[in-house]
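The following account leads the reader through the structure shown here, from strand pairing to nonpolar cores and charged side chains. Please keep the sequence and the model in view while reading.

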Amino acid sequence: MKIIQCIIPVSITIFWCYFLNYPIYLKDQTIPSIGNFFSPFIGFWQNGNEPLDTKVKSIPNTQYEGQVYFDERAVPHIISNSIESAYFIQGYIHAMHRLWQMDFSTRASEGRISEIIGSKALEFDKNKRRKGLAESARRSIEIWKKNTETFTLLEAYSNGINYYINQLDYKSLPIEYKLMNYRPELWSPYKSALYHKAMAEILCGRDQDIEMSNAKQFFGNDFDLLYPEYNKLTDPVIPAGTKWNFQIPKNDSASIITNPKIITIPIDSSPSGLGSNNWAISAIKSSSGNPILCNDPHLSLNLPSIWYEQQIITPELNVYGVSFAGIPGVIIGFNKDIAWGITNAGWDVVDWYKIDWKDDYKTSYIVDGNVENIKFRIEEIKIKNQKSVFDTIKITRWGPIVYEDPQNPKFDLAMHWIIQDEFNLNELLTFVKLNKSKNYKEYREALNNFSYPAQNFAFASGNGDIAITVQGAMPIKSNQQGRFIQSGAEIKNEWKGFLNFSLNPHCLNPERGFISSANQRSTTLDYPNYYNNGDFRDYRGTLINRLISQKNLWTVDDLKNLQFNNYSLIAETALPLFIDNLDTNSLNFDEKAFVGKLESWNKNYDSSSIEATQFDIWFQEFYKLVWDEITQDTLRKYTSLPSEQTTINVMNSDPGIKYFDLIHTEKIENLGDILELSLDSATTKFKKINSKTWGEYKATHIDHIARIPAFGIPFISTSGSKDIINASWKTWGPSWRMVVELTKEGPVAWGVYPGGQDGRPGNKHYMDMINKWQKGEYYDLKYANNESDLNTNCPYKLQFIHK
């Protein structure tokens, strides 16, 4: 009996010791060690601590020297005697503030999330691997190695990250590692290449080939009317009337697949509307006589934030701006001589090809009557707490087979994406050179190293030049190529190479006194014999150009206000047509009141506006009814809808068009009927949501990148909307607002982004900039000319000492 009495407490003690100190493994998840996680000494309590816990902290190492001054927002100002040491320090600081974000993001690109969260990520991982991001990253590394100077800098950056990682104990791990029960891997230049591919996927991984093929099949002869490739509202990046002094040989039209059935393959693509704004005004339009450059890239709103703010000072350069945590240098920013900003060019560089299989075994396929064999790549996908899964990827001359149509076993699609092409170019060298550039000539030379994702690089210099270059590898395509699914059975459907970079659209010091881009078309259709389709947006670019043209002189404050402009061109063009074509005599009291408020509305999508909510609901209800042929047929959910702009144009030019008739009613409806029906629905819906303001109705939220609710912001009231200059939507928006004035004394700049410098939840700098960003306010960017400018203004300092 005494033995039993002794065994029981001992067993309980052993159980609790095990339970508290070891993780518990379940099928798809791991419960972290409870004892460690809740320990006040090493657990999550430690994650709110500030890493800069002393005024001056020394970091001894074997090779690199320099200092880092942190200002009150934890922005690091790195000072070193060499760029190599500066990049080592930048890597260390990136890891100190953003390690988990860097690790998770690159694992996602490589298709390795199942290793962390289990089989729920299996299809995600398969998709990433089939697209070939990791394969492309490995090819890029081999090219980057050819420039030993740049690769040495990249290795220094990696060494800095790893120096930080090697110092970590459990107490210092970011909380996400503790929750998910894993540790960071060592960094390598390959991981930086993976990060580059992840951004390529976001910015040039969009396409609508399936949706447009379905639309062409459905609308038939009306397709060209409803899906014009150039709209009268378009005001391109390169001003209309620009003269071109070259010609590209014409190509035959591509062979497009005509499918009698709707294609039901759901393509994984970034949301349309992601984009950016940039512009620069010359001295003739600046009230101070100084060039001013502005940029606000529109990307997903996440925590930790996508951008990281910093300054780097060495004998060769003094550059300030934002970087990606995972890539060395400054991506968007300025130095004492120039400023630059970036927007997405939007070109379509993803094409889909239907494979003509030789037989049902699907190991060979037909091209121009000849048989070509499939190549196979076997991918092992490790899954947390489970056996690995092996995915066999089939590779064709066009690219990997990524999608198969479950409704049609022979309708398999291969993807050709620009990252599969080899360019003997070093994208990192673009930013190494830009960071040091002093003038237009050096800016252009730097861009010659950039292949993708194609971007509009805006430029301004202290000597008065302004310029914009549409930079990236531009595929030479046949007419309509890439707009629809193409036949993989004809070799003529291959891309015909790439345009020489010297022919890419660009302009220097245009007569109008400004340059701008907002994801609209690069040029008018007179660009010589070059077919170019893509995800182009018109409203923002057109309004930016209109407003800048209308005002003779601009101040910095004017340009800040322009970045936060909430005026809707959709409302300007659609609302008068709504009211003019509406039979107001047939409206009830609530509907008249609804329309009455909109008649006096200023068409601004301010967060406090009730009218913005009313109009947006009415327009969306109207839009769904007009295109009910698609919106009310679930089998057609992968069909592209005519754009808002086309819908408005049709209202204006052809109010009797057959698409205003509802397909499920006996009555033949007209435009007026659809307006009344949509108004009735909008009035009812507006009542149900208790007359919410626009900010309340839109309900922007900023999620943690692993979708951990406690680490995100579930609701934030913001102004702006899609296709508005302040393009703030539900889950994406201006990710970095920057204004730079290039004065004779040096740059003066302002900026803000929706987050904070420190990527660790609970830290005081995790989201401390969001309030200013939400209100359209800015921080002064403390550009230091030398170390003495920082000694009195920065509360913390790190010293990297060579020992």
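Predicted model: local features only at pLDDT ≥ 70, side-chain atom pairs only at ≥ 80, totals over all residues.

Within strand S21, the residue that bridges to Ala460 is Ile466.

Strand S12 (residues 338-344) runs antiparallel to S20 and is joined to it by seven bridges. One of the paired positions is Ile338, whose bridge partner in S20 is Ser461. How are the two faces of S20 placed, buried or exposed? Both are covered: on one side Gln455, Phe457, Phe459 and Ser461 are buried, and on the other Asn456, Ala458 and Ala460 are buried as well. Because seven of the seven residues of S20 are buried, the strand is largely enclosed by the rest of the structure.

The loop between helix H13 (440-447) and strand S20 (455-461) contains Asn449. With a relative accessible area of 13%, Asn449 falls under the 20% limit and therefore counts as buried. A polar atom of the Asn449 side chain lies 3.2 Å from the backbone oxygen of Ala446. When residues up to four places away in sequence are set aside, Asn449 touches Leu425, Asn426, Glu427, Leu429, Thr430 and Lys433.

A separate arrangement of strands is an open sheet of three, in the order S8-S25-S26, with mixed pairing. Strand S8 (302-303) and strand S26 (713-716) are at the edges; each has a single partner strand, so one side of each has no neighbour in the sheet. Strand S25 (residues 700-704) and S26 run antiparallel and are joined by two bridges. In this pairing, Thr700 stands opposite Ile716 of S26.

Helix H10 (residues 209-219) is mostly covered, with eight of its eleven residues buried. These are Asp209, Ile210, Glu211, Met212, Ser213, Asn214, Ala215 and Phe219. The elements that cover them include helix H11 (223-226), strand S13 (350-354), strand S19 (412-417) and helix H19 (628-631). After H10 comes Gly220, which has a positive phi near 55°.

The largest nonpolar core comprises 161 residues, and those with the most contacts inside it are Ile93, Trp307, Phe334, Trp417, Ile418, Leu434 and Leu798. Helix H3 (residues 83-110) makes the greatest contribution to this core, supplying 14 residues. Apart from this core lies another, of 71 residues, which includes Leu543, Phe615, Ile657 and Trp750. What does Ile93 contact, leaving aside its neighbours within four places in sequence? Ile93 is in contact with Val68, Phe70, Pro76, Tyr308 and Leu798.

Charged side chains complete the picture. Side chains of opposite charge can pair when their charged atoms come close. The structure contains 39 salt bridges. In one of them, the side chains of Glu309 and Arg73 meet at 2.9 Å, N to O. Glu309 lies in strand S9 (residues 307-313), whereas Arg73 lies in the loop between strand S4 (66-70) and strand S5 (76-79), so this pair ties together parts that are 236 residues apart in sequence. Glu309 and Arg73 are both buried.

A salt bridge also joins the side chains of Lys145 and Glu142, at 3.5 Å, N to O. Here Lys145 is partly exposed, with a relative accessible area of 39%, and Glu142 is likewise partly exposed, at 46%. The side chains of Asp535 and Arg537 meet in a salt bridge at 3.7 Å, N to O. Arg537 has a relative accessibility of 17% and so counts as buried. Finally, a network of salt bridges links Asp103, Arg107, Glu110, Arg112, Glu115, Glu185 and Lys191.

Notes
Residues numbered from 1 in each chain as written. Heavy atoms only, no water. Core = buried A, V, L, I, M, F, W, Y, C linked by side-chain atoms within 4.5 Å. Buried < 20%, exposed > 50% of the residue type's maximum accessible area, 1.4 Å probe, protein only. Helix = DSSP H or I, 4+ residues; strand = E, 2+ residues; numbered from the N terminus. Contact = heavy atoms within 4.5 Å. Polar contact = N/O pair within 3.5 Å; in protein donor to acceptor, adjacent residues only side chain to side chain. Pairing = 2+ DSSP bridges. Salt bridge = Lys/Arg side-chain N within 4 Å of Asp/Glu carboxyl O.
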